[in-house]
Amino acid sequence: GGGNSFTLTLTVAEPWHLYANPVGNDTLAESQTTVTVFVNGKKVDAKIEYPKGKEVKDTAGNYFVYEREAKITGAFVSGKGEVEVRLSLSACKDGLCLPPSVLKVKD
C-alpha cells in the first residue's frame, strides 16, 4: 500500500535518437517513448514525467526526440508483489529505424 518511485536513465548512442513523449507530431505518435508499470503482472496507475525532447524541424513536420541521455521518473502506489516497468521505444538514425522495442525492468 506504500508509494514507490523510480528513475529510468536512458543512454542513447550517437547518432541514434528516440522519439520523445510527447513527440509533437501525430504521424509519429505510435513511436513515442512510453512507460507502463505493472505489479504482479497487472497494469497499475502511475504518474510518469517525461523530459522535454529536442525539437527536430523536418520537411515532413516537426517533432521531438531524446538524444544522448534522458531521465524519466515515475511514481505509483502498490501492494506487495513483483514490480515491472516497461519502456516502449523506437530508435532511429539518418532515416533508418529499428523495429519498436519493449525493455523490461523488474524489481
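**Figure 1. Pairing of β6 with β7 in the predicted model.** Strands β6 and β7 run antiparallel and are joined by three bridges. The structure shown is a predicted model. Within this pair, K54 has V65 of β7 as its bridge partner. The two strands form a hairpin with six residues between them, and in this hairpin G61 adopts a positive phi near 130 degrees.

**Figure 2. Pairing of β2 with β7.** Strand β2, residues 17-19, pairs with strand β7, residues 63-66, in the antiparallel sense. Two bridges make up this pairing. Y19 stands opposite V65 in β7. V65 is also the bridge partner of K54, and the strands β6 and β7 are joined by three bridges.

**Figure 3. The open sheet of five strands.** The order of strands in this sheet is β6-β7-β2-β10-β11, and the pairing is antiparallel. The edge positions are taken by β6 (54-56) and β11 (96-97); each has a single partner strand, so one side of each lacks a neighbour in the sheet. C92 has C97 of β11 as its bridge partner.

**Figure 4. The open sheet of four strands.** Here the strand order is β4-β3-β9-β12, again with antiparallel pairing. Strands β4 (42-44) and β12 (101-106) stand at the edges with a single partner strand each, so one side of each has no neighbour in the sheet. On average, neighbouring strands of this sheet are turned by 35 degrees against each other, direction ignored.

**Figure 5. Pairing of β3 with β4.** Strand β3 covers residues 34-39 and runs antiparallel to β4, to which three bridges join it. V39 has K42 in β4 as its bridge partner. In the sheet order β4-β3-β9-β12, strand β3 stands between β4 and β9.

Figure 6. T9 lies in strand β1, which comprises residues 2-11. Is T9 buried, exposed or partly exposed? Its relative accessibility is 41%, so T9 counts as partly exposed, since this class lies between the limits of 20% for buried and 50% for exposed. Apart from its neighbours within four places in sequence, T9 is in contact with E69, A70 and K71. T9 and I72 are 63 residues apart in sequence, with a C-alpha to C-alpha distance of 6.5 Å.

**Figure 7. The whole chain, for orientation.** The chain has 12 strands and zero helices. Along the sequence its pattern is β-β-β-β-β-β-β-β-β-β-β-β. The C-alpha trace spans about 50 × 20 × 20 Å along its principal axes. Of the contacts in the chain with a separation of 6 or more, 66% are between residues 24 or more positions apart. Buried residues account for 34% of the 107 residues. The accessible surface of the chain is about 6800 Å², and carbon and sulfur atoms contribute 49% of this surface. There are 13 positive and 13 negative side chains, and the centres of these two sets are 5 Å apart.

Note on methods. Residues are numbered from 1 along each chain as its sequence is written. This is a predicted model: local features need pLDDT of at least 70, side-chain atom pairs count only at pLDDT 80 or more; totals for chains, interfaces and linings use all residues. Side-chain values use heavy atoms; hydrogens and water are left out. Two strands pair if DSSP finds at least two bridges between them. Axes are lines fitted to C-alpha atoms, for helices over the stretch in contact, and angles run from 0 to 180 degrees between N-to-C directions. Buried means under 20% relative accessible area, exposed over 50%, partly exposed in between (1.4 Å probe, protein chains only). Contact means heavy atoms within 4.5 Å. Accessible areas come from the Shrake-Rupley method with a 1.4 Å probe; for residues, only the protein chains shown count as cover. Lys and Arg count as positive and Asp and Glu as negative; His and the chain ends are not counted. The place of a charge is taken as NZ of Lys, CZ of Arg, CG of Asp or CD of Glu.
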